[in-house]
Amino acid sequence: MNVITLIDGARTLVLPAEASQGWIFHTLKDWYGLTGNKYPTIERPQAHGAYPPGRAVRLSRAISFKVAYRNGTPAEVEEAVSLLSSFGAEGPIVMIVEDALGRTQRTVTIDSIPDLDDTRRYTGDMTVNAVAEDPRRYAVDTEVPWQRTAPPTAGAGLVWPAVSPLVWPGGGTSGRITLTNTGLAPSAPMFRTLGGFSSTLITTVETGARVGLDRLVPDGSVAVIDTAEHRAMLDGQSDVSRWISWREWELIPAGQSRTYQFDVTAAVGSPILEGRVLSAWW
């Protein structure tokens, strides 16, 4: 274990596992592993064993770690403690853990940051207790690029009569993007549609599942479709979820890819679909 990073809006706090000066962390608990199943085992009252299990649905995850402040004056320790105590005070934050395999993140709510004992004024010993409503950990979002495509366009056709051997002209685009989840847990894709168009439809090629937005998106505006939250936002300000059509939400399974077809009506300017998926692990 190397580094824990806490991100609260524009503020970032880095907590290494080893340092001669400043914060260090230790005893990280419950970042890894599988949380419990919400569906209990139901024993058969008049037969051997239990009823066959159904689909597992996982509980949220409680995470904790301890911190200490090395080689600081009492004033420096108090200032550092005040800064740490302010992280997550007003809402969820992003927690990133870097280990030998790379960096993964969760969105967490800080439950409490209590003192460990009366030596805090000298060592800054505290415990950070957090809860991740989604038990999965994900690839760091700033490290995952967006894939993009324009709507499909036709290529140049072959003019008949033609002379053998036939040479088919190229051109045209498919209007598709492919997203890959390299993790070991299913993950929801996210889409950004750049206007302008009157409506858009995003179709999963492998399964036929569809998600659309039956609303005008002006040229220069951006509509974000969050398939995890089942909602859509226009320009980061207006909730336009009521105009979502089809609503055939699907996750990208662990270790698999999905291809998405982008179609629009009444295109204006240069409509674009951008999509990405954060690989996920339990």
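Mentor: A nonpolar core is a set of buried Ala, Val, Leu, Ile, Met, Phe, Trp, Tyr and Cys residues joined through side-chain atoms within 4.5 Å. Buried stands for a relative accessible area under 20%, exposed for over 50%, and partly exposed for what lies in between (1.4 Å probe, protein chains only). The model here is predicted: local features need pLDDT of at least 70 and side-chain atom pairs count only at pLDDT 80 or more, while totals for chains, interfaces and linings use all residues. Residues are numbered from 1 along each chain as its sequence is written, and side-chain values use heavy atoms, with hydrogens and water left out.

Trainee: Which residues touch the most other members of the largest nonpolar core?

Mentor: In soluble globular proteins, nonpolar side chains tend to be buried together. Here the largest core has 26 residues, and those touching the most other members are Leu6, Leu15, Trp23, Phe65, Leu84 and Met95. At least two residues of this core come from each of strand S1 (3-8), strand S2 (11-16), strand S3 (22-29), S4, H1, strand S5 (93-99), S6 and S7. Helices (H or I, at least four residues) and strands (E, at least two) are DSSP runs, numbered from the N terminus. Another core, of 19 residues, lies apart from it; Leu213, Ala223, Ile244 and Tyr260 are among them.

Trainee: What does Leu6 touch, leaving out residues up to four places away in sequence?

Mentor: Contact means heavy atoms within 4.5 Å. On that basis, and with residues up to four places away in sequence not counted, Leu6 touches Arg11, Thr12, Leu13, Leu15, Phe65, Leu84, Phe87, Ile93, Val94 and Met95.

Trainee: Which residues of H1 are buried?

Mentor: An α-helix has 3.6 residues a turn, so residues three or four places apart point the same way. In H1 the buried residues are Val77, Ala80, Val81 and Leu84. Seen down the axis of H1, they fall within an arc of 100°, so they line one face of the helix; the arc is that of the directions from the helix axis to the C-beta atoms. The face of H1 turned away from this buried side carries the exposed residues Ala75 and Glu79.

Trainee: How far apart are the end C-alpha atoms of H1?

Mentor: The expected span of a helix is 1.5 Å times one less than its number of residues. For the 13 residues of H1 (residues 74-86) this should be 18 Å, and the end C-alpha atoms are 19 Å apart, which agrees. Just after H1, Gly88 takes a positive phi of about 80°.

Trainee: How many residues of strand S7 are buried, and which strands pair with S7?

Mentor: Strands of a sheet pair through backbone hydrogen bonds, either parallel or antiparallel. Two strands count as paired if DSSP finds at least two bridges between them. Strand S4 (residues 61-70) pairs with S7 in the antiparallel sense over seven bridges, with Ala62 opposite Val131. Strand S6 (residues 102-112) also pairs with S7 in the antiparallel sense, over three bridges, and Ile110 stands opposite Ala130. Five of the seven residues of S7 (residues 126-132) are buried, so this strand is largely enclosed by the rest of the structure.

Trainee: Which strands stand at the edges of the open sheet of six strands?

Mentor: The order of that sheet is S9-S19-S11-S14-S15-S16, with antiparallel pairing. Strand S9 (147-149) and strand S16 (238-239) stand at the edges with a single partner strand each, so one side of each is left without a neighbour in the sheet. Strand S11 (residues 189-194) and S19 pair over six bridges, and Met190 has Arg276 as its bridge partner in S19.

Trainee: Is Glu274 buried or exposed, and with which side chains does it make polar contacts?

Mentor: A polar contact is a pair of N or O atoms within 3.5 Å; within protein, one must be able to donate a hydrogen and the other to accept it, and residues adjacent in sequence count only if both atoms are side-chain atoms. Glu274 lies in strand S19 (residues 272-277) and is buried, with a relative accessible area of 8%. The side chain of Glu274 makes a polar contact with that of Arg148 (2.7 Å) and another, of 2.7 Å, with that of Arg192.

Trainee: Where are Asp235 and Ala266 found?

Mentor: Asp235 is in the loop between strand S15 (231-234) and S16, and has a positive phi of about 55° although it is not a glycine. Ala266 is in the loop between strand S18 (257-265) and S19; its phi is positive, about 50°, and it is not a glycine either.
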